[in-house]
Amino acid sequence: MGATPPLCSFGCRLLCRVQNHDPSFIIIRVLSFLSLLLLPLVGCSTSSGHQGSGPRVLVVTAHPDDESGMAATIFKLTHAHDAAVDLALVTNGEGGYKYSSIGNLIYDKELTDETIGRRELPAIRRRELKSGGEIIGLRNYFFLDRIDHRYTRDVDSVLQHVWDTTATIDALHEILVDGDYDYLFTMLPVPTTHGHHKGATILALKAMMRLPAAERPIALGVSVAGEGDSIEPFTGLDGYPLTRISSGLPSFEFDRTAKFGFKDRLDYRIVVNWLIAEHKSQGTMQLAVNRGVREEFWFYDINPAASRAQTTDL
């Protein structure tokens, strides 16, 4: 057993605060890990992204472009802390056809036609995801290709009637076993978010819990807050105890507005905006430019108590 390489945080608050204008070192230390057994895995798409030897992170999202919610943190991890970050995408993104009016012009296809959009968008959005991933340094991609049927907040219907949950959990479990990950990033499953977001998180946590306790990565929920937004307490999604967060608050955050570079003229919103711009098929996605200023990380209760104590001591 060894110490886990540090997980970055810029402007960390609640548990600790880091003030450091050196872009090569803005971190907080988090948790320790044990190695996982390696098993074969198929369906992995490898990019020319960062092949780091530092912390190993698996990001599980529902749609292509969901990674934008933690893009600044991923960029910092891969570029400053030699992290290896992989992404498992649950749906194929076909449901985004309604937002593809501008994409029609960019890709010269009638993507807003449901039949055409559902046929063409999975491949288009996969390319967009990888283009953005090159910017933030994603390494491997795992495409589960579950149907992106429509917008709904009803996670129960998604899990019971839309996705093959058993196969999805099996696939995520295999990825986790093979990847030897130190951290698992998920979207925070608040009641008001998309049912697919909640579903992807629930299935990822279920897959993680199938690992022996000593071999599980540290699971964190991620949310984005805008300028002046107050923190909305979240203690877990009703009916899904794996999502419980007793504190009701994020444990730390990454400040996208933190300055670096020549005369401190740059900040991490630039990187996030570059990634957002790659998702050209999704017109409304572009409205997120410069909107989020904090990436908040929430510590699930299913993590080992000792790891929580170690984090609190920071």
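Reply: On a 1 Å grid over the protein atoms alone, a cavity is a set of points where a 1.4 Å probe fits but cannot get out; a pocket is an open set with protein on both sides within 12 Å along at least five of seven lines; lining residues have an atom within 4 Å of a point. This is a predicted model: local features need pLDDT of at least 70, side-chain atom pairs count only at pLDDT 80 or more, and totals for chains, interfaces and linings use all residues. Residues are numbered from 1 along each chain as its sequence is written, and side-chain values use heavy atoms, with hydrogens and water left out.

Me: Which element gives the most to the lining of the largest cavity?

Reply: Helices (H or I, at least four residues) and strands (E, at least two) are DSSP runs, numbered from the N terminus. Two or more lining residues come from each of β7, α3 and β8. The top contributor, with 3 residues, is β8.

Me: Which residues are closest to the centre of the largest pocket?

Reply: About 1500 Å³ of space lies in the largest pocket. It is lined by 49 residues. The closest to its centre are Asp66, Met187, Thr193, His194 and His197.

Me: Which element supplies the largest share of the lining of the largest pocket?

Reply: At least two lining residues each come from α3 (114-136), β10 (218-226), α7 (269-278) and β14 (292-299). The largest share, 5 residues, belongs to β10.

Me: Is Thr168 buried or exposed?

Reply: Thr168 sits in helix α5 (residues 165-179). It touches Val90, Leu144, Arg146 and Leu203, leaving out residues up to four places away in sequence (contact: heavy atoms within 4.5 Å). Buried means under 20% relative accessible area, exposed over 50%, partly exposed in between (1.4 Å probe, protein chains only). With a relative accessible area of 0%, Thr168 is therefore buried.

Me: What covers the buried residues of α5?

Reply: Those residues are Thr168, Ile169, Leu172, His173, Ile175, Leu176, Val177 and Gly179. Their cover includes β6 (56-61), β7 (84-91), β8 (138-146), β9 (183-187) and α6 (195-209).

Me: Which side chain makes a polar contact with the side chain of Asp65?

Reply: Asp65 is in the loop between β6 and α1 (71-80). It is buried, at 11% relative accessible area. Beyond four places in sequence, its contacts are Arg125, His279, Gln282 and Met285. The polar contact, at 3.0 Å, is with Arg125.

Me: How many of the protein's residues, as a percentage, count as buried?

Reply: The secondary structure comes to 8 helices and 14 strands. The protein has 314 residues, and the buried share is 57%.

Conventions:
Points joined across faces, edges and corners; volume = space filled by probe spheres on them. Polar contact = N/O pair within 3.5 Å; in protein donor to acceptor, adjacent residues only side chain to side chain.
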